[in-house]
Amino acid sequence: MVIYQNISLKPYNTFGLEAKAAEFVECNTLEEVQVLCATFNLSERPLLILGGGSNILLTQDFKGMVVKMNLKGIEKVYENEDNVWLKTNSGEIWHDFVIHCVAENLGGVENLSLIPGCIGAAPMQNIGAYGAEIKDTVDEVMAVEINTGKLVKFSNAECEFGYRESVFKQKFKGKYIIVSVTFKLNKNPVINAQYGAISEVLQQKGINNPSIKDISNAVIEIRQSKLPDPKILGNSGSFFKNPEIPLALFQQLKLNYPSMPGYPVNEENIKVPAGWLIEQCGYKGKVIGNTGAHKNQALVLVNYGNASGYEIYRVAMEIQNSVRDKFGVFIIPEVNII
Ligand code: EPU
């Protein structure tokens, strides 16, 4: 394990932003993570754990240590008549894991095809798309306690999953490094084609009885048509979370904006697509310097080539203020701003 100094993070973030790390180390095994935690006082310096770098906005050089997680491997740990448990190390690419499951006809993650990033980051923010979230397939998460190097097991319930939330973003923020995730997958997949866009694609193709491969292919097609490929146009997926607003405010806004979409979360709250709010404020496809909201999905901010992280941050705050002024709704970044 070598600790490098003054390393460019440009290849390690999907926005493609230039920023330097004072210290940079790659971990390839669980033992390396444990040694790193036990040897260095990691909690006493700024620490950034990096997977695929697909959910960060680097607004400045990083003055502490960046730990790039490279632990590879997918292992079947248990199997019964109905399910297979796969333990997947945190440095595996999320989409490669999905493809692996689809190829083995193991259901549960096919709706989450093509989400950028690595396995280790997935439970962190309970990744979700097209009617599924990983909380529905995670069995347990193994993580190393940063202060001690101790390996700790978290059951699904202990992860306290919520909408783009988990215990690792809340009370245990900065306390653990996720090293593996065990998924409980279904040998008799239950097809989840409820999401409007999926059923439309299946209908167009004349598929009435979809397999998980059909679902995965449909999701890939939808994502490719809407979401910019970070390899071509730097971005971090959805920049903001979809806000949940009180029913009374939703009904009041509906009077002025009858086309405003909303999905009930519970009896008191409605989730409104932030992309719609941003579009209504005139930002969809608008280029501001080297950045702006994407032309096909206003929720995604992009780097047109030479943006700085701070420039993207400023535009994000401008959009946030504009949505607040027009609708009285506060949208919160989903992306981690460093
Ligand atoms: N909409 C607009 N204009 C836009 C974008 C969206 O009006 O520019 C409205 C439309 O009414 C559309 C609705 O928003 O029907 C929903 O749009 P979409 O299906 O694209 O989903 P989203 O709510 O904007 C969420 C996730 C995405 C995920 C999609 C699909 C969040 C923050 N984002 O976006 O996740 O792929 O659903 O399930 O919850 C990500 O987290 O990086 C991400 C891409």
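Hi everyone, let me open with isoleucine 312, which is buried, with a relative accessible area of 0%. By buried I mean under 20% relative accessible area, exposed is over 50%, and partly exposed is in between, with a 1.4 Å probe and protein chains only. Before going on, a word on the source: this is a predicted model, where local features need pLDDT of at least 70, side-chain atom pairs count only at pLDDT 80 or more, and totals for chains, interfaces and linings use all residues. Residues are numbered from 1 along each chain as its sequence is written, and side-chain values use heavy atoms, with hydrogens and water left out.

Back to isoleucine 312. You will find it in helix H7, residues 309–327. Helices here are DSSP runs of H or I with at least four residues, strands are runs of E with at least two, and both are numbered from the N terminus. What does isoleucine 312 touch, not counting residues up to four places away in sequence? The list is Phe15, Leu17, Leu57, Phe239, Thr291, Leu301, Asn303 and Ala307, where contact means heavy atoms within 4.5 Å. Proline 230 is 82 residues from isoleucine 312 in sequence, and their C-alpha atoms are 15 Å apart in space.

Now the overall layout. The chain splits into domain 1 (4–69), domain 2 (74–186) and domain 3 (234–337), with bounds that come from an automatic or database domain assignment. Between the C-alpha centres of domain 1 and domain 2 there are 21 Å. Their contact takes 14 residues from domain 1 and 17 residues from domain 2.

How much area is buried between domain 1 and domain 2? About 1200 Å², and carbon and sulfur atoms give 70% of that. Buried area is the accessible area, again with a 1.4 Å probe, that two parts lose on being put together, summed over both. Polar contacts between the two domains come to 3 residue pairs, both residues at pLDDT 80 or more. For the record, a polar contact is a pair of N or O atoms within 3.5 Å; within protein, one must be able to donate a hydrogen and the other to accept it, and residues adjacent in sequence count only if both atoms are side-chain atoms.

On the side of domain 1 that touches domain 2, helix H1 (30–39) and strand S3 (47–50) each supply at least two residues. The largest share, 5 residues, comes from H1. By type, that side divides into 8 nonpolar, 6 polar and no charged residues. The classes are these: Ala, Val, Leu, Ile, Met, Phe, Trp, Tyr, Cys and Pro are nonpolar, Asp, Glu, Lys and Arg are charged, and the others, Gly among them, are polar.

Next, a pair of serines. Serine 180 sits in strand S12, residues 176–186, and counts as buried at 3% relative accessibility. Leaving out residues up to four places away in sequence, serine 180 touches Lys87, Thr88, Asn89, Ser90, Glu140, Val141 and Met142. Serine 155 belongs to strand S11, residues 151–155, and is partly exposed at 28%. Setting aside neighbours within four places in sequence, serine 155 is in contact with Asp139 and Glu140.

For those of you who check backbone angles: most residues other than glycine have a negative phi. Asparagine 126 has a positive phi of about 45° although it is not a glycine. That residue lies in the loop between helix H2 (94–103) and strand S8 (128–129), and asparagine 126 is buried, at 0% relative accessible area. Glutamate 160 has a positive phi too, near 45°; its place is in the loop between S11 and S12, where glutamate 160 is partly exposed at 45%.

Last topic, salt bridges. The rule is a side-chain nitrogen of Lys or Arg within 4 Å of a carboxyl oxygen of Asp or Glu. How many salt bridges does this rule give? The count is 12, with 0 between domain 1 and domain 2. Glutamate 79 pairs with lysine 76 at 3.0 Å, N to O, and glutamate 79 is partly exposed at 37%. Lys76, Glu79 and Lys187 are linked in a network of salt bridges. Arginine 324 meets aspartate 325 at 3.2 Å, N to O; arginine 324 is partly exposed at 38%, whereas aspartate 325 is exposed at 58%.
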